[in-house]
Amino acid sequence: MSNVAKLAADALSEGGGIFRLSPTWVPRAFLQPGRRLKLHPNDYYALGTHRGGIDERWFGSTTVATNEGAPDDEGLSYCVFGGEKFTLKDAISELGGEIIGDAIWGKYNRWPVYSKFFDNMGPIPHHMHQNSEQAAKVGQEGKPESYYFPPQLNAIGNNFPYTFMGLEPGTTKQDVIDCLDRWNNGDNGILDLSKAYRLKPGTGWLIPPCVLHAPGSLLTYEPQWGSDVFGMYQSMVEGRAVHRSLLTKDFPEDKHDDNAYLVEALDWEANVDPNFKDNNYLEPITIGDTAAAGYVDRWVVYGKVNGEQLFTAKELTVDPGAKLTLKDTGAYSWITVQGEGKIGNLRLQTPAMIRFGEMTEDEVFVTEKTAKEGVTIENTGSEPLVSLRYFGPDACPDAPNVGDHHK
């Protein structure tokens with residue numbers, strides 16, 4: 001047994017099938033942090049201004065962030081046990097289905113999803129994420145994603161709490177080609193072809209690959225496929241130029257100057273869908289009638305992308321003094337967003353402020369076996385204990401479909 005395998009096995013034995021994870025911070029050189037990640041004010045540029053401000057925290061991640069100049073492990077989650085640490089990626093490579101379940105391990109040979117807090121002061125460029133076929137041409141994987149806007153982290157909306165999504169019905173491909181042709185003329189005007197939706201804390205969206213979107217300035221919880229591919233189709237945001245390399249970086253090199261090819265890469269029907277909101281908007285759906293028992297569990301991310309369930313997420317709220325056994329149908333990554341308590345035999349505490357590199361007690365990863373057997377959750381504090389947890393592909397066969405919140 002390798003050292004990582006032994007450490008991981010020992011950690012799971014002592015943690016009752018649960019890993020303690022340390023915070024994983026990711027900067028973006030082309031964005032301005034929204035400063036709601038609870039980092040100390042002096043630490044948002046802890047990696048240096050040349051790397052950009054820290055505007056993301058990744059959860060349960062075995063996916064590497066593809067940032068220029070980044071270390072090899074940027075974006076990877078670390079398990080902490082007995083004064084040592086090892087990546088969740090290495091632990092899963094060693095123990096496989098023992099952690100994530102035989103179905104996911106057998107099909108993907110890895111944990112193929114992750115989530116993050118995405119936190120910016122203003123909007124980001126109108127962009128898409130390639131589908132699996134497109135991403136494979138550059139040795140990567142496609143990326144569908146989803147949004148949920150946790151109220152606990154959105155007391156302020158920052159500069160632009162609206163997200164442009166898709167393209168207005170009637171837009172032509174030539175309209176978008178013309179925008180790309182104007183890349184170096186200033187603002188290429190692509191937002192003139194789109195529609196902005198006001199973002200509401202406590203709601204969310206499901207975003208398939210190849211659909212344009214320009215996320216607004218709410219802090220966002222984003223369960224998504226384990227990839228960091230994208231193409232940015234907007235040349236200027238808030239007066240800042242977007243380098244064209246951010247449009248082309250995940251397309252074949254011989255297509256970088258072919259604007260017609262870049263537009264053909266969009267899922268046209270999904271972008272100009274006249275019922276875009278009906279087909280992509282999510283509101284929480286309560287699971288069962290449990291409020292009298294002191295807790296409420298809700299679906300916050302659900303639905304299928306091109307007929308496949310790729311990820312789902314739930315929000316659990318436990319009243320002060322309440323205790324429950326939580327059973328789920330798959331492994332999950334957990335982040336606490338309010339309150340204090342216990343999950344199994346591990347303490348939970350929502351930090352008010354975090355120094356870069358400092359350990360916290362708000363994040364864990366629960367193995368499939370433990371999730372199915374049930375985990376004891378207890379609120380030991382004086383305010384609600386609130387957490388978000390996301391699941392891998394096909395892990396939640398009972399999840400609702402997009403639009404079911406109307407029922």
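What is the volume of the largest pocket? About 380 Å³. The views below come from a predicted model.

**View 1. The largest pocket and its lining.**
The largest pocket has a volume of about 380 Å³. Its lining is made by 17 residues. Pro23, Thr24, Trp25, Tyr78 and Phe356 are the closest to its centre. Two elements, strand 2 (24-28) and strand 4 (78-81), each give two or more residues to this lining. By class, the lining holds nine nonpolar, four polar and four charged residues.

**View 2. The second largest pocket.**
Strand 2 and helix 7 (245-248) are the elements that give two or more residues to the lining. The classes here are five nonpolar, five polar and four charged residues.

**View 3. The largest cavity.**
How many cavities of 30 Å³ or more does a search of the whole structure find? The search finds three. The largest cavity has a volume of about 160 Å³. It is lined by 17 residues, and the closest to its centre are Glu56, Phe118, Ile124, His127 and His129. Strand 6 (113-118) and strand 8 (145-148) are the elements that give two or more residues to the lining. Eight of the lining residues are nonpolar, two are polar and seven are charged.

**View 4. The second largest cavity.**
The second largest cavity has a volume of about 90 Å³. Its lining includes Arg36, Leu37, Lys38, Arg57, Phe117 and Leu153. Ile335, Thr336, Val337, Thr350, Pro351 and Asp362 line it as well. Which strand gives the most to this lining? Strand 23 (residues 332-338) does, with three residues. By class, the lining divides into six nonpolar, two polar and four charged residues.

The structure holds 18 aromatic pairs. One of them is formed by Phe117 and Tyr221. The geometry is edge-to-face, with 6.0 Å centre to centre and 65° between the planes. Phe117 belongs to strand 6, and Tyr221 to strand 13 (residues 220-221). The two residues are 104 residues apart, and the pair links distant parts of the chain. Are Phe117 and Tyr221 buried or exposed? Both are buried. Phe117 is also one of the residues that line the second largest cavity.

**View 5. An aromatic cluster, and two charges over rings.**
Four residues form one aromatic cluster: Tyr197, Trp205, Phe276 and Tyr281. Elsewhere, charged ends sit over rings. Where does the charged end of Lys314 sit? It sits over the ring of Trp299, 4.5 Å from the ring centre. The charged end of Arg389 sits over the ring of Tyr332, 5.6 Å from its centre.

Phe251 lies in the loop between helix 7 and helix 8 (259-264). Why does Phe251 count as buried? Its relative accessibility is 3%, so Phe251 falls under the 20% cut-off for a buried residue. Which residues does Phe251 touch, not counting those up to four places away in sequence? They are Met128, Gln130, Val138, Tyr233, His256, Tyr261, Leu262 and Ala265. Phe251 and Ser2 are 249 residues apart in sequence. In space, these two residues are 38 Å apart, C-alpha to C-alpha.

**View 6. Two residues with positive phi.**
Most residues other than glycine have a negative phi. Asn158 has a positive phi of about 60°, although it is not a glycine. Asn158 is placed in the loop between strand 8 and strand 9 (162-165). Asn158 counts as buried because its relative accessibility is 17%. Asp394 also has a positive phi of about 60° and is not a glycine. Where is the place of Asp394? Asp394 is in the segment after strand 28 (385-391).

Terms used:
Residues numbered from 1 in each chain as written. Predicted model: local features only at pLDDT ≥ 70, side-chain atom pairs only at ≥ 80, totals over all residues. Heavy atoms only, no water. 1 Å grid on protein atoms, 1.4 Å probe; cavity = no way out; pocket = protein on both sides within 12 Å on 5 of 7 lines; lining within 4 Å. Points joined across faces, edges and corners; volume = space filled by probe spheres on them. Helix = DSSP H or I, 4+ residues; strand = E, 2+ residues; numbered from the N terminus. Nonpolar A, V, L, I, M, F, W, Y, C, P; charged D, E, K, R; others polar. Phe/Tyr/Trp six-rings, centres within 6.5 Å; stacked < 30°, edge-to-face > 60°. Buried < 20%, exposed > 50% of the residue type's maximum accessible area, 1.4 Å probe, protein only. Lys NZ or Arg CZ within 6 Å of the ring centre and 35° of its normal. Contact = heavy atoms within 4.5 Å.
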